[in-house]
Amino acid sequence: MTMKKFLTLLLASTFALALACGKGKEVSKAEDEGEDDQQAQTTTTAAGETGGTTAPAATAAAPAVANAATITGLVKFEGAPPKMPTIQMNADPYCQSQHASAPATDEEVVVGAGGELANVLVFIKNAPAAPAPSTHALIDQHGCQYHPHVQAVQVGQPLDIKNSDATLHNIHALPVVNSQFNIGQPVQGMVSTQKFDKAEITPFKVKCDVHGWMKSYMVVLPHPYHGVSGMNGTFNIGNLPPGNYTIVAWHEKYGQQEQNITVAPKEAKTVNFTFKG
């Protein structure tokens, strides 16, 4: 082979390799050494991106239940609520700048003026299983905090993990029954999608390895019968088939409570919980 032909072949190979590298837009998943393999492939897209891989289609949500019952309730806090510390974000100037007007406080215990307790996961422990919904659940990294602070997702439901901040985040989920995952998101607007393939009714922690103060909690249920108490302490669980159930209320600091309930066809039932400090 002549030197001219060799150089021509080398140049063509280099050009083809550069084109192939330039097409890759997915961000690889960072995993701790020894960590279990992720059970579902992560789909990652950047803000404004229209091409690439899309999230797999989910099955339809459970149909409306005939003679369905509804459970509503109020979660209260008894005693003097603890004062939550201010979160020190000075290690990341961007994060600190997002709370210039009012410093962020820890969300471990959020109590309203009337003793209403927020961020309590409320779910039916023994409800019948239902197909995964087509709607995506969302956990958003915004202001260097997780939103929502606690949530329930369904087995097989797509979970979108979004970075709304102009700084590096990673989301490190620590389930016990399902496989852990640890996904880096260096670009603002990135969305990665995950799924859990097993029920996990003991809530587990989600953290950020970049910002140690960031934490959230999640539970994976085989059904859609769950809610979270808002700032007014209320929750709602609808479309529940009539029957005998155990309803669970879980708080990250004050633990778990259970009540046995019976709901009749079309019944609107009230179930309240009180956590003591």
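Tutor: Before the sheet is discussed, two strands count as paired if DSSP finds at least two bridges between them, and strands are DSSP runs (E, at least two residues) numbered from the N terminus. This is a predicted model, in which local features need pLDDT of at least 70 and side-chain atom pairs count only at pLDDT 80 or more, while totals for chains, interfaces and linings use all residues. Residues are numbered from 1 along each chain as its sequence is written, and side-chain values use heavy atoms, with hydrogens and water left out.

Student: In what order do the five strands of the open sheet run?

Tutor: The order is β6-β12-β11-β8-β9, with mixed pairing. β6 (150-154) and β9 (181-185) have a single partner strand each, so one side of each edge strand lacks a neighbour in the sheet. From one strand to the next, the twist averages 25 degrees (axes are lines fitted to C-alpha atoms, and angles run from 0 to 180 degrees between N-to-C directions).

Student: In which sense do β6 and β12 pair?

Tutor: β6 and β12 (residues 215-221) run parallel, joined over five bridges. Val150 has Tyr217 in β12 as its bridge partner.

Student: Which ring does Tyr217 pair with?

Tutor: Tyr217 forms a tilted aromatic pair with Trp250, at 5.5 Å centre to centre and 55 degrees between the planes. Trp250 belongs to strand β15 (residues 243-251) and Tyr217 to β12, so their pair ties together parts that are 33 residues apart in sequence. Rings of Phe, Tyr and Trp (its six-membered ring) pair if their centres lie within 6.5 Å; planes under 30 degrees apart are stacked, over 60 edge-to-face, and the rest tilted.

Student: Are Tyr217 and Trp250 buried or exposed?

Tutor: Tyr217 is buried, at 14% relative accessible area, and Trp250 is also buried, at 12%. Buried means under 20% relative accessible area, exposed over 50%, and partly exposed in between (1.4 Å probe, protein chains only).

Student: How many aromatic pairs are there?

Tutor: The count comes to five.

Student: Changing topic, how many residues of β8 are buried?

Tutor: In β8 (residues 169-173), five of its five residues are buried. His169, Ile171 and Ala173 point one way, whereas Asn170 and His172 point the other way. In a regular strand the side chains alternate between the two faces of the sheet.

Conventions: Helices (H or I, at least four residues) and strands (E, at least two) are DSSP runs, numbered from the N terminus.
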